[in-house]
Amino acid sequence: MSSGGLELPPGDSGHEGGPADAAGGTPGGVPAGAVSLAPQPATGSARAGAELDWGAEAWSEVRTRAQRAGRAYIWLNLIEQRLRSVVGAVLRPIYEPVHGGDDWVVAAAGPAGQEWVQRAVAVREVSRRKGYLLDPADDNVLSFLTLPQLRELMVQHWPCFEPYFDDRREIELALDELEVTRNVVSRNRALSRAVLEQAERASARLLEVLGGGAGSPSADRLPIDAVEDLVGDRYADVISVHPDRVRLQRQLPAEDLFGGARRLDAIGIGLNLLVQNFSGRRLVRLTEAGCRVRLLFLNPASSAVKRRERELGLRKGELSRSVEMNILHVRRVRAGLRDPSRFEIHVFDETPRFTAYLVEGQSSGIAVVQSYLRRARGMESPVLVLRGGGRGVPKDADHGLFTTYREEFESVWEDSRPVS
């Protein structure tokens, strides 16, 4: 409590990357970005009856900080549990046969760690007496060691861990980056967006190094993060939404979306996301590597193309020529394949309702879906990114949108005509 009243640390006003994240002072002597919970006195002495209510701006501030801290806590929790498992698996067989019980942790800590390991033993005893140990599996000293203490055990006994992990430096650097976030979250202080993103990258890298990653190349296109794993079911299988395709491609470039696919089905008017952003040579290599491709274009000679040209205010024949060029491009790709049967091209004559790219790898899938708006081209339309079913996917694929668009694609494919 200061003379100016209780204050919250800097942050934004309820929106990620908002103006409050930038440096700069605020009037009234309040630090930059801080939200004062009591008004500044008009004179040098504080007046009685200070205002205790929070306004809308203050509530927005704390909600934003709680969301950031919650997301960071999930990552830190995952790292701590994984590191605890690794330390136990490596050091327990070495120390437990000699020292037995939980004394193996004390012995592993050695004289250098005597103070913090004894503190962990004391906290465990208090938790036992007060009934805080809700799971019997947590009734051990190892469960009460914190992230820095687990790291210290790894560093002290690195020769024991070296056969399992190649790069000690990479692990230590990732844990260094996480220590800043851990310190902020544990003390309920402001967490900036930049530090949160750094912590998420470090956590994902560390989990991969420690053997807790997705384990399949196809999952690297858009890996499942900790928050999606916990609350993703609230949004079916929608994992991200973008206002237009430009913002989508900043996060998920065409190379990451289509590279490594084992099955690629696409439906739309001209399929520009694939044809104009993924080279013909890459398509050839993808197909020769075993990917099965089915492309479904709107017939450039159909009346639906003419209606779409009128909707968009294009010159007569402009859209149909663009679609024809895209079809000619993928025909050349198909002609260069040893097995053209793995690369199918069809056209349909129905009114186009959406464009969808259904990309499936060995263990999971990703779909990019856009609805056609009357006055907006595909580049300007909102984008949904969907997670397909497979290993490591937390959602029920039978009740997601991925399955819905898959069924729609198959229905249109059955009524379409092949391109010779």
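A residue counts as buried when its relative accessible area is under 20%, as exposed when that area is over 50%, and as partly exposed in between. Ser371, with a relative accessible area of 37%, is therefore partly exposed. The model is predicted. A search of the whole structure finds 29 salt bridges, while the corresponding search for disulfides finds 0.

**Surroundings of Ser371**

- Ser371 belongs to strand β8, which covers residues 365-371.
- Arg353 is 18 residues away from Ser371 along the chain, yet the C-alpha atoms of the two residues are separated by 6.2 Å.
- When residues up to four places away in sequence are not counted, Ser371 touches Arg353, Phe354, Ser381 and Pro382.

- Arg84 and Glu80 form a salt bridge in which the closest N and O atoms are 2.8 Å apart.
- Both residues lie in helix α1 (residues 56-99), and because they are 4 residues apart there, about one helical turn separates them.
- Arg84 is buried, its relative accessible area being 16%, whereas Glu80 is partly exposed at 22%.

- Arg263 forms a salt bridge with Asp265, with an N to O distance of 3.4 Å.
- Asp265 is buried, with a relative accessible area of 1%, while Arg263 is partly exposed at 31%.
- Arg263 also meets Glu410 in a salt bridge, with an N to O distance of 3.3 Å.
- Arg263 is in strand β4 (residues 263-268) and Glu410 is in helix α15 (residues 401-414), so this pair ties together parts that are 147 residues apart in sequence.
- Glu410 is partly exposed, at 23% relative accessibility.
- Through salt bridges that share partners, Arg263, Asp265, Arg294, Glu360, Arg406 and Glu410 are joined into one network.

**Cysteines and disulfides**

- A disulfide is a covalent bond between the sulfur atoms of two cysteines.
- The search of the whole structure for such bonds returns 0.
- Among the cysteines, Cys160 is partly exposed, with a relative accessible area of 26%.
- Cys291, by contrast, is buried, with a relative accessible area of 0%.

**Packing of helices α1 and α6**

- Helix α1 packs with helix α6 (residues 168-186) at an angle of about 125°, and the axes of the two helices are 10 Å apart.
- Helices α1 and α6 are therefore oblique to each other.
- The crossing of α1 and α6 is left-handed.
- On the α1 side, the residues that meet α6 are Ala69, Ala72, Tyr73, Leu76, Ile79 and Leu83.
- On the α6 side, the residues that meet α1 are Leu175, Leu178, Thr181, Arg182 and Val185.

Conventions: Residues are numbered from 1 along each chain as its sequence is written. This is a predicted model: local features need pLDDT of at least 70, side-chain atom pairs count only at pLDDT 80 or more; totals for chains, interfaces and linings use all residues. Side-chain values use heavy atoms; hydrogens and water are left out. A salt bridge is a side-chain nitrogen of Lys or Arg within 4 Å of a carboxyl oxygen of Asp or Glu. Buried means under 20% relative accessible area, exposed over 50%, partly exposed in between (1.4 Å probe, protein chains only). A disulfide is a pair of cysteine sulfur atoms within 2.5 Å. Axes are lines fitted to C-alpha atoms, for helices over the stretch in contact, and angles run from 0 to 180 degrees between N-to-C directions. Angles under 35 degrees count as roughly parallel, over 145 as roughly antiparallel, 65 to 115 as roughly perpendicular and the rest as oblique. A crossing is left-handed if the near helix is turned anticlockwise from the far one by less than a right angle, and right-handed if clockwise. Contact means heavy atoms within 4.5 Å.
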